[in-house]
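The following note sets out several points for a reader who is new to protein structure. Please keep the sequence and the model in view while reading.

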Amino acid sequence: MPASNATSRFSDRVENYVRYRPGYPREVIEELKTECGLRPSHVVADIASGTGIFTRMLLENAGSVFGVEPNADMRAAGERLLATFPKFTSVAGTAEGTTLAGHSVDFVTVAQAAHWFDRERARREFVRILKPGGWLVLLWNERVTDSTKFLRDYEQLLLTYGTDYQDIRHEHTTSAINEFFDPAPFQERVFEMRQEFDYAGVEGRLLSSSYAPGPEHPQYAPMLNELKRIFENCAVGGRAAFEYKTRVYFGRLRQQ
């Protein structure tokens with residue numbers, strides 16, 4: 001996918017992204033503290049930081065955090081939502097060109113975005129900005145698709161109406177993990193998480209996704225009609241739940 005497309009595709013979804021995207025389990029940070037020694041003195045580059053969902057967790061547990069985000073609308077939202085953190089620095093940059101100084105950070109983190117990168121160029125940039133022995137942390141919330149009727153029907157809705165959903169599903173993207181870490185070893189951890197929503201929340205969660213047709217698309221109204229039908233058939237007590245497996249990959253980078 002062209003980098004310009006990957007950068008711009010969330011511009012019209014910022015508010016839904018802020019309100020309805022899932023966060024990350026607390027266990028992720030605890031694992032980084034235990035396994036990688038994350039502490040308040042560390043400097044972190046959070047790449048493709050977006051609206052700051054994971055950045056906030058880092059700021060609450062590390063030292064200075066650079067939020068590197070190429071999309072101006074997402075970056076502005078992050079700046080607004082993280083304005084109370086004096087050790088947050090917003091950076092207009094990309095994974096392949098962060099603008100950060102060489103060997104200046106202890107951690108590079110990427111939440112929900114590494115599959116958009118030019119992997120060879122991004123890896124080279126990560127090696128450049130990391131201090132010797134620094135850590136790379138990649139994580140994704142992988143939505144469970146088949147554990148309940150609601151989730152099975154929701155998955156079918158995405159397959160039917162999503163503009164390029166099949167091309168960017170995470171089973172196609174997490175296979176590239178080795179490309180970021182080779183020749184260094186890495187570890188994987190998996191944590192469970194869930195969100196519960198009323199109908200407005202379910203709709204907002206759908207519309208926060210880059211592959212969901214927007215209001216100008218001819219499939220937009222049919223998609224929402226189908227979503228309402230699914231919700232009415234599956235909701236319990238006026239609510240429906242999304243379930244996730246949060247996959248975390250971490251290791252020290254080496255020159256190839």
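1. In this predicted model, residues 24 or more positions apart account for 78% of the contacts in the protein that have a separation of 6 or more. Buried residues make up 54% of the 256 residues.

2. The protein contains 12 helices and 7 strands. Its radius of gyration is 18 Å, close to the 18 Å given by the globule rule for 256 residues, so the protein is as compact as a globular protein of that length. Along the principal axes, the C-alpha trace spans about 55 × 35 × 35 Å.

3. The strands deserve attention next. Strands of a sheet pair through backbone hydrogen bonds, and the pairing is either parallel or antiparallel. Here, 7 strands form an open sheet with mixed pairing, in the order E3-E2-E1-E4-E5-E7-E6. Strands E3 and E6 (187-197) stand at the edges with a single partner strand each, so one side of each has no neighbour in the sheet. On average, neighbouring strands of this sheet are turned by 20 degrees against each other, direction ignored.

4. Strand E2 (residues 65-68) and E3 run parallel and are joined by 4 bridges. Within this region, Val68 stands opposite Val91 of E3.

5. Two helices may be viewed against the sheet. Helix H7 (residues 149-161) lies across strand E5 (130-143) and strand E7 (240-252), and its direction makes an angle of about 75 degrees with E7. Helix H11 (residues 199-207) lies across E6 and E7, running at about 135 degrees to E6.

6. Which residues of helix H5 (residues 72-81) are buried? They are Met74, Arg75, Ala77 and Gly78. These residues cover an arc of only 160 degrees around the axis, which puts them on the same side of H5.

7. What covers the buried residues of H5? The covering elements include helix H2 (14-20) and strand E3 (88-91).

Note on methods. Residues are numbered from 1 along each chain as its sequence is written. This is a predicted model: local features need pLDDT of at least 70, side-chain atom pairs count only at pLDDT 80 or more; totals for chains, interfaces and linings use all residues. Side-chain values use heavy atoms; hydrogens and water are left out. Buried means under 20% relative accessible area, exposed over 50%, partly exposed in between (1.4 Å probe, protein chains only). The arc is that of the directions from the helix axis to the C-beta atoms. Contact means heavy atoms within 4.5 Å. Two strands pair if DSSP finds at least two bridges between them. Axes are lines fitted to C-alpha atoms, for helices over the stretch in contact, and angles run from 0 to 180 degrees between N-to-C directions. The radius of gyration is taken over C-alpha atoms; the globule rule is 2.2 Å times the number of residues to the power 0.38.
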